[in-house]
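Dear colleague,

I am handing over the structure we spoke about, with the sequence and coordinates placed just below. Please have them open while you read the notes that come after.

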Amino acid sequence: MTTQILIAGFGGQGILFSGKLLAYKALAEGKELSWLPSYGPEMRGGTASCSVTISDEPVGSPIIDHPDVLIVMNLPSLDKYESTVKPGGMIFVDSTLVTRKVSRADVKAFYIPSTKMAQDMGMPTLANIVLLGKVLKECPAISRSYLEEALKKVVSAKHPELYDYNLKAIDAGYGA
Amino acid sequence: MAIVFQKPASLTDKELHYCPGCPHGIIHRLVAQAIDALGIEGKTIGVAPVGCAVMAYDYFSCDMVEAAHGRAPAVATGLKRSLPENVIFTYQGDGDLASIGMAETVHAATRNENITIIFVNNAIYGMTGGQMAPTSLPGQVTQTSPYGRDVRTQGYPIRVCELLSALDAPYYIERVAVNNVKNVNAAKKAIEKAFRNQIEGKGFSLIEVVSACPTNWGMTPQKALQWVEDKMIPYYPLGVFKDRGAEAKEAN
Amino acid sequence: MTEKVLMKGNEAIAEAALRSGCLHYFGYPITPQTELTAYMAKRLPKMEGGVFLQAESEISAINMVYGVASTGKRVMTSSSSPGVSLKQEGISYIAGSDLPAVIVNVQRGGPGLGGIQPSQSDYFQATKGGGHGDYHLIVLTPSSVQEMADLTSLAFDLADKYRCPAMLLADGTMGQMMEPVALPEPHMGTVEKPWAVTGTQMKRKHNVVNSLYLQPEVLEKTNFERFERYRQIEENEVRYESYLMDDAEYCIVAFGIAARVAKNAITMMRKDGLKVGLIRPITVWPFPKKAIREAADKVKGFVSVELSMGQMIEDVRLAEECRRPVVLCNRAGGMIPGVDQIIAVTKDLVSSVEGGAR
């Protein structure tokens, strides 16, 4: 099975980090994967996206034209990518920042006020991880297994306390 | 019969291709004498330029590398970083060092790269037949400044020693000339010092040698040497421009 | 089997170079290859004998490479398209002086300052010369992060073996993407280099690293000798992947990221009963001419999929000797041909060959 996940939002929202966490999780599970970021001159703001493909077989193209799972953290990303999602696919929306609903009926949509939740928990920079927690719960292809192993890899060794914060954020999204 | 003078051991027997009266022969000898005096031929690697000295790799008996035009300081940087125990020198002309290779020169200097640069300034492009150099004097007639170097459109000459001395890093910078015996003897000392600095790990040493080009200046060798004295040296004063060793001593 | 780690392609090249005994690196920042330079900046100063230097320009960087290569040590530089243009002079000198060195081009769209998104439009520059004079580079085109590592190791070995510069011709996606990679075991070069300048130690005649030969007869001879080595490379070092070609009626030719997209397109076309295969050149110089020529005996047409206005297609046509139609499927300027586009172009080719019978 192959699952293609597209994550999109503003630069600085941790779009690439979310993708990395999924990639490391897939690596820990022994799956094949690719992680492809958008890259541009802007370090903050602007649009950022990240394409993660997880598969039981070697990954063909790392470029995702039609994702199975779309995770969006701003309105321009929903506008741009909603129509590309495969019929039967899933869209996860940060409903604090994206005010409209998904207009398609042939996909499953999930709305989590992840930015607000993260702010309320005093971890405003982890909205992306809260949203990812919901993905882990709802998406059968991306279970919660090996999450801890993956988190250890992506959290900076210089800031071990972030590991606990990230785990808390995941749990918040998972329970939402 | 006693031998009172002979060709330095670190020059090959290859016949020099330089024009009659060209000081490159003297400068090659001074470099070779320094290598002999310090006993470093076996560990020296020279970098030849593009310019009249392009075939210097045939004349020095140490290992040699031929660099692209202006790139000798970068090539020497690679050599030195690879072989820090060896002695690396470049031998470059004014077009090579101060025009097309200015970036390489300045940055090797500001890294205090532990290399020795012999910079021959004869105020003209010799190999290509006498075009304006970055060091051609104001008003100097060359093939590409046939009405004399017009500083309004062709800029002023670059005084390399003065320019590099403005940097904090370079260890030793001196300008010498080879137009008379006294100056040749001073040049010999300076060149040897520049090599010794490298052996002692001091860093970047550049010796500018004010030279002549009788052929392209359109002068007899004697007249050319006089022109060095009358025109070149007043614009390019001789002396030590930077000596961090002496600065350190003074500070103590 | 060695454990797989997750790395960006740029980092995989850097790590593989270190494991290939490359302790000297000279570079200059440019997107999208900068991670490679940064990786070297972090690692090399901590390694015994390691030298990292951020040069003042790409021109200086390649000439520092020339200096280290002259001493016989393994050395690398990397850049992206505009920077690689600046390196061409130095590359020509390295080729003309018969020195081994590895140059990485993580291509971006051009010409001029162009853009920073992935491209393959430096194919001509890499395979047909680039700098002045008659010379070739061995040009390797990775199509995965694993190959970014493996082909880097191979590039060092081939450069040493044949005394010529080798180039990794990658693109922005290959440089930026992460995939699991099994890093190559450390291996140093074993090739003797009696030509290197290391100081005579007063024990031998001086070595001279040089590309200047003012007598044309002598210069011609060095060219002939070099091309004899190129002939051996063409004989021994052609590498390509043949994918589903056994029963293929149409053949896609693509390398790097384009080949990855093409494989997805082929999977979908085969579901529709269209027998399409892929020849993926891994060396684009030497180009897998024989594989293409033999494919032309069997298939009805070729599609060259490229991130350029059509450069490799010329080599495909030369190799198949004008026996079959060869069509281009391309995007340029940093865009990547999609699966849908490849399928559409291939189907167009099928209709034109078979008169719309399908």
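What follows is a summary of what was found, beginning with the conventions and then moving through the chains.

This is a predicted model, in which local features need pLDDT of at least 70 and side-chain atom pairs count only at pLDDT 80 or more, while totals for chains, interfaces and linings use all residues. Residues are numbered from 1 along each chain as its sequence is written, and chains are lettered from A and ligands numbered from 1 in the order in which they are written.

I start with the contacts between chains, where two residues are in contact if their C-beta atoms, placed from the backbone, lie within 7 Å. Of the 2 pairs of chains in contact, chains B and C share the most contacts, whereas chain A and chain B are joined by no contact, their closest C-alpha atoms lying 27 Å apart.

The contact between chains B and C takes 29 residues from chain B and 31 residues from chain C. On the side of chain B that touches chain C, at least two residues each are supplied by strand E1 (44-48), strand E2 (63-66), helix H3 (72-82) and helix H5 (102-110) of chain B; here helices (H or I, at least four residues) and strands (E, at least two) are DSSP runs, numbered from the N terminus. H3(B) gives the largest share of that side, 8 residues. By class, the side of chain B that touches chain C has 14 nonpolar, 8 polar and 7 charged residues, where Ala, Val, Leu, Ile, Met, Phe, Trp, Tyr, Cys and Pro count as nonpolar, Asp, Glu, Lys and Arg as charged, and the others, Gly among them, as polar.

Strand pairing also links these two chains: E2(B) and strand E9 (residues 208-209) of chain C pair in the parallel sense over 2 bridges, with C:Val208 in E9(C) as the bridge partner of B:Met64. Two strands are taken to pair if DSSP finds at least two bridges between them.

A residue is buried if 20 or more other C-beta atoms lie within 10 Å of its own, exposed if 12 or fewer, and partly exposed in between, with C-beta atoms placed from the backbone. Just after H5(B), B:Asn112 takes a positive phi of about 50°.

Turning to chain C on its own, the domain assignment gives domain 1 (5-236) and domain 2 (241-354); such bounds come from an automatic or database domain assignment. The centres of the two domains, taken over C-alpha atoms, are 28 Å apart, and 26 residues of domain 1 are in contact with 22 residues of domain 2. The elements that give two or more residues to the domain 1 side are helix H5 (123-127), strand E6 (138-140), strand E7 (165-171), helix H7 (172-176) and helix H8 (216-236) of chain C. By class, that side has 12 nonpolar, 11 polar and 3 charged residues.

Chain C also holds an open sheet of 5 strands in the order E10-E12-E11-E14-E15, with mixed pairing. Strand E10 (240-243) and strand E15 (326-330) of chain C stand at the edges with a single partner strand each, so one side of each is left without a neighbour in the sheet. Strand E14 (residues 301-306) of chain C runs parallel to E15(C), the two being joined by 5 bridges, and C:Phe302 stands opposite C:Val326 in E15(C).

Finally, chain A comes to 6 helices and 6 strands, which run β-α-β-β-β-α-β-β-α-α-α-α from the N terminus on. Its C-alpha trace spans about 40 × 40 × 35 Å along the principal axes of chain A, and buried residues make up 48% of the 176 residues in chain A. Among contacts in chain A between residues at least 6 apart in sequence, 56% join residues at least 24 apart.

With regards
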